[in-house]
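Hi everyone, thanks for coming. Let me put the structure up on the screen and then walk you through it.

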Amino acid sequence: MPKLIMTLQHAGLYAGFELRRLWLTRRGLMTLAATTVLWFFLLRYAIAPASDLIASEGFQQMFRDVFGAFGLSQLFAWPVPELAIYWILSLLLLPLLCLFFTANQLCSDLERGTLRLLALRSSRLSIVLGRFSGQMLVQSCLILLSLVATLSLAAWREGGLTLAMLNAAAIIAVNLLLVLLPFTALMSCFSAMVRSSRLAVSLAIVSLGLAFVLLSTFVFYFPDFLFLLGYMPGTQVMQLLPMQGWQTLQHAMLPLLQTLVLLSGATMLLTRKAL
Amino acid sequence: MNTIIQCQQLAKRFGSKTVLQQLSFELHQGDVAALIGPNGAGKTTLFSILCGYLRPDIGNARIFGHKAGSSALFGKVAALPQDAQFDPAFSIGEQLDFYGRLQGLSSKTAREESKRVLALVDLTEQLQHKAGALSHGMRKRAAIAQAFIGAPQLVLLDEPTAGLDPVNALHIRQLISRLSGEVSFMISSHNIFELEQLCNNVLYLENGQLKQHSNSDNTVQQLQHLTLHLEQDNSDAISAALRQLPGLIDLHCAQRRELVLSYNPQHNADFDLAVLQCLAANGWRYRNLTKGQTLEQKLFSPV
């Protein structure tokens, strides 16, 4: 069997196994429960009241006067305010939550030696790709569930579901997954480095913060290199906030490239690591 | 004879500590090789290199002509790595199924294979149980079971019976013995009795170096051994009488009641009979007379 096909097949098996972990294991069900609780509070105490406020003409006028210059008035272009609030909240929250949810891609298996049993049957590249794909599938499920809840809220207030709402939800889902790709790949790297998911999260937060501070300092003295800040994972989030519609995909290339680089790094780290 | 493992000038260091140095050996198809050595001799490091978990600093390890850890060896080489545990979130059956799927089996075949290998280690009833619910010994047996999924041609077992009760240790030895014709094994253990029963090839490691590499097939025909267990303590009279026997090359007292006699069979083909006649003639009683030396004697005795 050609190597590439075998790698992809193994990656698919790993991804499927991670999906089973979400739906069929205690730990996975706890993740689902935590997500449900989180989104219940966000929907109940943030999205629902804010949607009512946004729907009022007076608020929209005031918002346009204050934030119109920043392009944020584009938020009113979403078919329903619930999706606009969901868009902002998820763009800002999910990258951070992603660091926690996807931290254990390899750590536990490294710690308990399960990776030794797996490495006898599949390449380390397929392990990295499979676990990464699995985490993306798991996050897709969580995003879809929360989007369905938000759409239900909007449909209840509006009195029905429209095609425009479904289209907007699809745009949001695709964009969120694109935003989460480099963060999940970043956690692949850190989980290949250390044997504890907590340490992986700490390392990721410290590294991202340190990289931002160092880069900002560098740019302060050498302003010509300002463009470097644009290569940090998640920098396109601020550009995406005032946007809506499929035009948001014009920012897709950067996270895809970042993901490719970070996954290559994770594979290299795991390949060189003694199991 | 087909070479299955070929190690050339392997060396590995961890920091300033040299764990393996200039290690070269070959194992052939059908061999059941014992890897023996004191703690810290480098046995687990050698295992890790052969499994592809570690890279040697110098030299190379090839299995079936491929670099250790290569994808060409998936499914051909299986192992019981030291301290490797199953994922506690899934049942043993689910994980064995998954390993089978990774080895290219269909879902149905993988499930049948899981049942078969669990039956090999007498764990059929634990198929649905999670690893965390099993005892240490059961987990160890399940870990041994995963090494037999599919049709491996070489199985590397690191301390396969450590922590098992005597009955299950016996079952594992019987399993290895039963499969040893079709599968090659390399077994690391501190249990010399066990290795003696199972292995035809011994690699003795000390301080990362190969001190001895003996094969039962290439025994020097000019020198054979008898191990004699007496019912009474050895005495000068017994030793003196045995030293008179034609063909005897050396005699030494391994333990208080145990004598090892080295002789040349070309000078006396019936040396064992001569020993028995000598004992009978003098009225000395013996417990048993074994041809050859024990592995312990081969490795650690001065002769």
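This is a predicted model: local features need pLDDT of at least 70, side-chain atom pairs count only at pLDDT 80 or more; totals for chains, interfaces and linings use all residues.

Residues are numbered from 1 along each chain as its sequence is written, and chains are lettered from A and ligands numbered from 1 in the order in which they are written.

So, chain B. Its C-alpha atoms fill a box of roughly 70 × 45 × 35 Å along the principal axes. Chain B has nine helices and 14 strands; these are DSSP runs numbered from the N terminus, with helices being H or I of at least four residues and strands E of at least two. An automatic or database domain assignment divides chain B into domain 1, residues 3-218, and domain 2, residues 224-300. The C-alpha centres of those two domains of chain B lie 38 Å apart.

How much of chain B is buried? Of its 303 residues, 40% count as buried, meaning that 20 or more other C-beta atoms, placed from the backbone, lie within 10 Å of the residue's own.

Now look at the open sheet in chain B, where four strands run in the order β2-β1-β4-β5 with antiparallel pairing. Two strands pair here if DSSP finds at least two bridges between them. At the edges sit β2 (17-28) and β5 (66-67) of chain B, each pairing on one side only.

Over to chain A and its helix α4, residues 81-101. Its 21 residues should span 30 Å at 1.5 Å a residue, and the end C-alpha atoms are 28 Å apart, which agrees; the expected span is 1.5 Å times one less than the number of residues. There is a bend of about 35° in α4(A) at Leu94(A), with a proline, Pro95(A), following within four residues. The bend is the angle between axes fitted to the seven residues ending there and the seven starting there.

Finally, where the chains meet: the contact takes 20 residues from chain A and 24 from chain B, counting residues whose C-beta atoms, placed from the backbone, lie within 7 Å. On the chain A side, α1(A) gives the largest share, six residues.

Terms used:
Two residues are in contact if their C-beta atoms, placed from the backbone, lie within 7 Å. A residue is buried if 20 or more other C-beta atoms lie within 10 Å of its own, exposed if 12 or fewer, and partly exposed in between; C-beta atoms are placed from the backbone.
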